[in-house]
Amino acid sequence: MLPVPDTAILVVAAGSGTRLDAGAPKAFVGIDTHTILRHALEGVFAAAPAQVIVVAPAGFEGDAETELRAAAGDRIELGRVVTGGDTRQRSVAAGLEALWGDVTRVLVHDAARALTPPEVIDAVAAAVDGETGIIPALPVVDTLKRVDGDAIIAPVDRAELAAAQTPQGFPRALLEAAYAAAAASGIDYTDDAALFAAAGQLVRWIPGSARSFKITTPDDLERARHLLAAVEAVPSAAAPSVRSSGPSAGPRVGLGTDVHAFGGEGALWLAGLEWPGEPALSGHSDGDAVAHAIVDALLGAAGLGDIGEHFGTAHPEYAGAHAEVFLARTREILAEAGFAIGNVSAQFQSNRPRFSGRRAEAERVLSDALGGAPVAITATTTDGLGFPGRGEGVAVTAVAMIHPV
């Protein structure tokens, strides 16, 4: 007998998939030899044990049961299929009615986010406490505009935005109360965190994953197929497993360097932090040589080019962008190629700014932008030698280790 878990995961698979236009409910469309739902469930069952409730569209309960049994293996006792409603909110409500009595926290996951890593699922579950909802999210990296028809009205500050993903996690009692309140109000929500917040509850976010994108359009489906093909091993009875394409099996190391001269406009940005009262560095973006060296080290480790190729002057959307944008996008690029970040170490050489007092703060900011990967930063004054020692600019060297997912 498996121990009764205190966590439940509702896998919402009741959507029609109109925009995917694949002739079947979205969750039952194939990515490769398996359906979207099967891949989503494999990620769920690779995470820590939990009650798993698949919310299926009416008429497809048997198909969902087949996929559940195939993915669950010896955890099948933890799984169950229920029939969803005509809206997402009603589908989740149907899943809530099937919760075991021991469950104290509930994760609500979209089957359409089929490639979500199990580490993200575990991180959301671990972050849920008795009062707070949790969503995984990524910083917004695109340049956003407020529009009226075909007219551009104003820019939108992307520093205040994050792209929400699933699973979204909640304390059970508060989520059930929030759903009851929403049903009583007659308001229909398409996002559980919004429903939870509308009931007066707090929602926080933690770093998500680039692989947790939602399969909504045919292009999304092709992206998922490409990612799976890049990392899937091809077994052979006559030879060891080999990869059809994509990353090699072992960890990889990359080296990056960057140099910027003082003399830019505005404030100094270095290691993801603003340094008031210090002279700014010149550059296409904010001149953050620490972040730029880390980007080059990560891209070099993966064999994916360099910072100029992905963020240079040919990409005006990154003009003025800060470290978290560069690093979050680099993390996405690596994830799309089948890599995860192991750790990063960087050293900057300059007489200013004085770094030691803000080392921990810088390391935390950079680590958050890289999805929690460990980051270590050191600094040296070079004893007054060279252009960094003369106070003309900053030089940075970074080393990064990555590994295939």
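**A first look at the sheet and cores**

Strand β16 (residues 339-349) runs parallel to β17, and the two pair over six bridges; strands here are DSSP runs of E of at least two residues, helices are runs of H or I of at least four, and both are numbered from the N terminus. Two strands count as paired if DSSP finds at least two bridges between them. Keep in mind that this is a predicted model: local features need pLDDT of at least 70, side-chain atom pairs count only at pLDDT 80 or more, and totals for chains, interfaces and linings use all residues. Residues are numbered from 1 along each chain as its sequence is written, and side-chain values use heavy atoms, leaving out hydrogens and water.

**The sheet**
- S345 has A376 in β17 as its bridge partner.
- Four strands make up an open sheet with mixed pairing, in the order β13-β18-β16-β17.
- β13 (252-261) and β17 (375-380) each have a single partner strand, so one side of each lacks a neighbour in the sheet.

**The cores**
- The largest nonpolar core has 49 residues, and V290, I294, L298, L366 and L370 have the most contacts inside it. Such a core is a set of buried (under 20% relative accessible area, 1.4 Å probe, protein chains only) Ala, Val, Leu, Ile, Met, Phe, Trp, Tyr and Cys residues joined through side-chain atoms within 4.5 Å.
- Helix α8 (residues 289-302) gives the most to this core, with 11 residues.
- A second, separate core of 42 residues includes L20, V44, F45 and I134.

**Confidence**
- Mean pLDDT (the predictor's confidence in each residue, from 0 to 100) is 89 for the chain, and 94% of its residues reach 70 or more.

Conventions: Buried < 20%, exposed > 50% of the residue type's maximum accessible area, 1.4 Å probe, protein only.
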